[in-house]
Amino acid sequence: DIIQADLPALAPTVLHDFGVKYIVLDYFQMPPGPERDGTERWVSAALPNQSPVFQDDRLTVFTAPPLTVRQSYVRLGSGWGELQSAGEQPVRRMASVATLVIVPGDAPPAQLSLGTVAPHSLAELSVFADGKALPPTLSENETQANIVLPVGVTTLQLKISSPIPISRIKIQ
């Protein structure tokens with residue numbers, strides 16, 4: 001998707017936050033094809049080098065990894081379209097007003113980066129947290145915006161004059 005993260009580092013936090021104790025691959029529910037292939041790739045990336053606790057012809061079951069360090073992550077709020085592609089790149093159309101939810105970890109994130117695909121520009125992007133403007137720093141070609149995040153921010157409101165495809169969101 002468009003949210004970029006270190007999946008093996010982030011998986012324990014997200015699985016913990018959603019109360020997931022087991023990851024079950026049910027091959028009767030996932031016939032061979034794109035859904036199964038994508039799910040197996042995700043599980044392999046999220047749980048590297050982890051062996052299943054149970055496996056037969058129908059099921060493969062993994063336990064969720066233990067949470068040792070909470071990682072910060074971002075979730076899409078309102079104003080985001082369906083996942084599409086622009087060539088080889090995944091994109092989601094951001095409405096004129098959209099929100100992002102920042103879920104803090106043990107170390108609060110310091111910066112958010114957004115990217116779009118040329119010829120689109122983020123020059124008109126406005127970002128707000130609790131009604132306060134957070135001016136973005138734009139790349140030279142205006143296809144990337146970096147926003148410094150104040151400590152404790154959990155929701156960002158993004159505004160732009162017209163909907164735009166966003167290809168990348170990352171917090172650091």
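This is a predicted model: local features need pLDDT of at least 70, side-chain atom pairs count only at pLDDT 80 or more; totals for chains, interfaces and linings use all residues.
We can start with helix α2, which covers residues 34-46. With 13 residues at 1.5 Å each, α2 should span 18 Å, and its end C-alpha atoms do sit 18 Å apart, so expectation and model agree. Three residues of α2 are buried, namely Arg36, Val43 and Ala46. They take up an arc of only 105 degrees around the axis, which means that they share the same side of α2. As background, an α-helix makes a turn every 3.6 residues, so positions three or four places apart point the same way. On the face of α2 turned away from the buried side, Pro34 and Arg41 are exposed. As for what covers the buried residues of α2, the list includes helix α1 (7-17) along with strands β1 (22-26) and β3 (59-63).

Those two strands lead on to the sheet. Three strands make up an open sheet in the order β1-β3-β2, with antiparallel pairing. Its edges are β1 and β2, each of which pairs on one side only. Between β1 and β3, which run antiparallel, there are five bridges; Asp26, for one, has Leu59 of β3 as its bridge partner. On the other pairing, β2 (residues 54-55) is antiparallel to β3 and linked to β3 by two bridges. Here Phe54 is partnered with Val61 in β3, while Gln55 stands opposite Thr60 of β3. The link from β2 to β3 is a hairpin of three residues.

Next comes Arg92, a residue of strand β6 (residues 89-94). Setting aside neighbours within four places in sequence, the contacts of Arg92 include Asp1 and Ile2, then Leu76, Trp80, Gly81, Glu82 and Leu83, and finally Ile164, Pro165 and Ile166.

The largest has 25 residues, and within it Leu112 and Leu156 touch the most other members. Two or more residues of this core come from each of β7 (97-103), β8 (111-116), β9 (126-129), β12 (144-148), β13 (155-159) and β14 (164-171). The top contributor is β14, which gives four residues to this core. Ala46 brings the account back to α2, where Ala46 was one of the buried residues.

Key
Residues are numbered from 1 along each chain as its sequence is written. Side-chain values use heavy atoms; hydrogens and water are left out. The expected span of a helix is 1.5 Å times one less than its number of residues. Buried means under 20% relative accessible area, exposed over 50%, partly exposed in between (1.4 Å probe, protein chains only). The arc is that of the directions from the helix axis to the C-beta atoms. Contact means heavy atoms within 4.5 Å. Two strands pair if DSSP finds at least two bridges between them. A nonpolar core is a set of buried Ala, Val, Leu, Ile, Met, Phe, Trp, Tyr and Cys residues joined through side-chain atoms within 4.5 Å.
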